[in-house]
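Hello,

Here is the structure I said I would pass on. My notes on it follow below.

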Amino acid sequence: MRAAPVDVPVAADAPRAAFRELRELWFQLPGTRCNLACRHCFNASGPHAPWLAPLTAAEVRRYLAEAEALGVKELYFTGGEPFLRPELFALVADALAVAPTTVLTNGLLIDDAAADRLATLAAGSLYSLELRVSLDAPTAAANDAVRGRGAFAGALAAIRRLDARGLHPIVTAVDDPERAPGSLYAALRAVLVAGGVTRPRVKILPLLRMGRAATRGPSPRLTAVDVADGDAATLPCSASRVVAAGGVYACPILAGLPNARLAAGALAAALVDTPLYHPVCVACRETGITCRNA
Amino acid sequence: VALLGGVYANHLALEAVLADARVRGVERVYCLGDLGGFGPHPDRVFPLLRDAGVACVQGNYDVSVGRGLADCGCGYTDPRDNHFARVSYQYTVRNTSAANRRWLAALPAALRLTLGDHRVLLAHGSPRQVNEFLWESTTPTGLLERLCDVHETDVLGVTHTGLKWQRALPSGRLAVNVGAIGRPENDGTPAVWYTILTADPEVAVEFVRVEYDAETLAREMEAEGLPPEFAETIRTGWWTCCLEAMPVKERARGRH
């Protein structure tokens, strides 16, 4: 079940995304430790022997301070499952003192007490606290076949708890390429409305053929021709960085892969042009994916 | 000076706002862009702006309509928002004269002025990106300080989100999102808001609420075949679409 994502060498002629400015900083707080082991997980997170180590609270705080001085616009906590780390609430409080903050979660650990703590944190900050809760299909049977038993009910319960407290989460779903375009969005929105969710918010992401969703076969790379005429300036890695075990990486999808690491220490050292070397860079450019909330 | 945010073809609100600014003795009026979109008869706002000598900044809508681009450049990814954005944009392009499109294409991306001893920079979304959303709850103070540094200004004025806010920065500088005059404030009332800046000698911000004939505008929108959701927003004051980009704090204050 592990199937850690595979790194590839950086080709000498790999095109580069010019770095513009730091807008988003992500923290892979729990590494790839998760309480689920979703079949399509691009970084193969799971409960057993995670391949990527967690960050310490001290590391997160050091990068938060550096990011604030650099004028960062948004902060994100991802994983793995960030709520597996008890320090998450304190770190979210620190992050919210700097910038709007988002936590990506499967929702299973958001009980009433956790939702209350999040609501208190949100109310105490000038900036928005966003929760992104993952659901991948509009029925328990279809969703749990991908995400694991109980994932649908747990996520929906968390969504309702958050919505009831004015935290109106964004439901994030990975689309299946076999599905009719637009159908997953409509179906999930209908599920939320039927479930009494007052502000149905749905974000659809493409399936990335990495980690557990990797397929065999040719894996094309981007060339200079693909990203001509400033095209690369619109890619997320031109304005986003990820802190994960080992340093600062180009993007949340490649976090932890040695060749995606741009600096071992200071964030400032990672604000450089990014080689678009990995096969997943093709999907990022072709789909126009943004890992941001909107 | 008076600062007007997105007009969105709301010619009736524009008339009311210009009249209000005149009564208040405003010396100069600036519009921060997005003249069309959402509302009916987009050509009607141009003579009003020209006759009142309003200096305009180019918004993302103006870039798209002016250059004949494929979409409004609002940058939505949500399918529902994109549907409404497409309807609105196609209607606006179809109903904007070639002369007005050329005028939009020639607008500046930013305007600089001085107010007392203060440098003021006016942009549409942000000075670094025409369609960047600077919402109150997603714009860190550190970012605003940096934008003021990089773009060498003491006062930064923007629009694009449609919701007004201001923030005094620790450095003594000021950021203000002037809101929009083309759409209500997502507060359950049809009124719109514009902004007056004064320097006496410190810069002060006043948000001014203006009522106008929203019912007539809503009927014009319906007669033009624009989506009923648009007219509902104009009548009720609650936003019904283009909600994807709105952060949770602002979203929680609305109805939808």
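**Interface and sheet**

The contact between the chains takes 31 residues from chain B and 31 residues from chain A. Please keep in mind that this is a predicted model. Between chain B and chain A, about 2,200 Å² is buried, and carbon and sulfur atoms give 50% of that area.

On the polar side, 16 residue pairs are in polar contact across the interface of chain B and chain A, both residues being at pLDDT 80 or more. Helix 4 (79-94), helix 6 (141-150) and helix 9 (248-253) of chain B each supply at least two residues of the side of chain B that touches chain A. Helix 9 of chain B gives the most to that side, with 5 residues. Sorted by class, the side of chain B that touches chain A has 12 charged, 10 nonpolar and 9 polar residues.

There are 2 salt bridges between chain B and chain A. One of them pairs A:Lys73 with B:Glu132, whose closest N and O atoms are 2.9 Å apart.

Chain B also has an open sheet of 5 strands with mixed pairing, in the order 4-5-6-8-7. Strand 4 (110-115) and strand 7 (164-168) of chain B are at the edges with a single partner strand each, so one side of each has no neighbour in the sheet. From one strand to the next, the twist averages 15 degrees.

Strand 4 of chain B runs antiparallel to strand 5 (residues 118-123) of chain B, and 6 bridges join the two. B:Leu115 stands opposite B:His118, which belongs to strand 5 of chain B.

Regards

Note on methods: Residues are numbered from 1 along each chain as its sequence is written. Chains are lettered from A and ligands numbered from 1 in the order in which they are written. This is a predicted model: local features need pLDDT of at least 70, side-chain atom pairs count only at pLDDT 80 or more; totals for chains, interfaces and linings use all residues. Side-chain values use heavy atoms; hydrogens and water are left out. Two strands pair if DSSP finds at least two bridges between them. Helices (H or I, at least four residues) and strands (E, at least two) are DSSP runs, numbered from the N terminus. Axes are lines fitted to C-alpha atoms, for helices over the stretch in contact, and angles run from 0 to 180 degrees between N-to-C directions. Contact means heavy atoms within 4.5 Å. Buried area is the accessible area (1.4 Å probe) that two parts lose on being put together, summed over both. A salt bridge is a side-chain nitrogen of Lys or Arg within 4 Å of a carboxyl oxygen of Asp or Glu. A polar contact is a pair of N or O atoms within 3.5 Å; within protein, one must be able to donate a hydrogen and the other to accept it, and residues adjacent in sequence count only if both atoms are side-chain atoms. Ala, Val, Leu, Ile, Met, Phe, Trp, Tyr, Cys and Pro count as nonpolar, Asp, Glu, Lys and Arg as charged, and the others, Gly among them, as polar.
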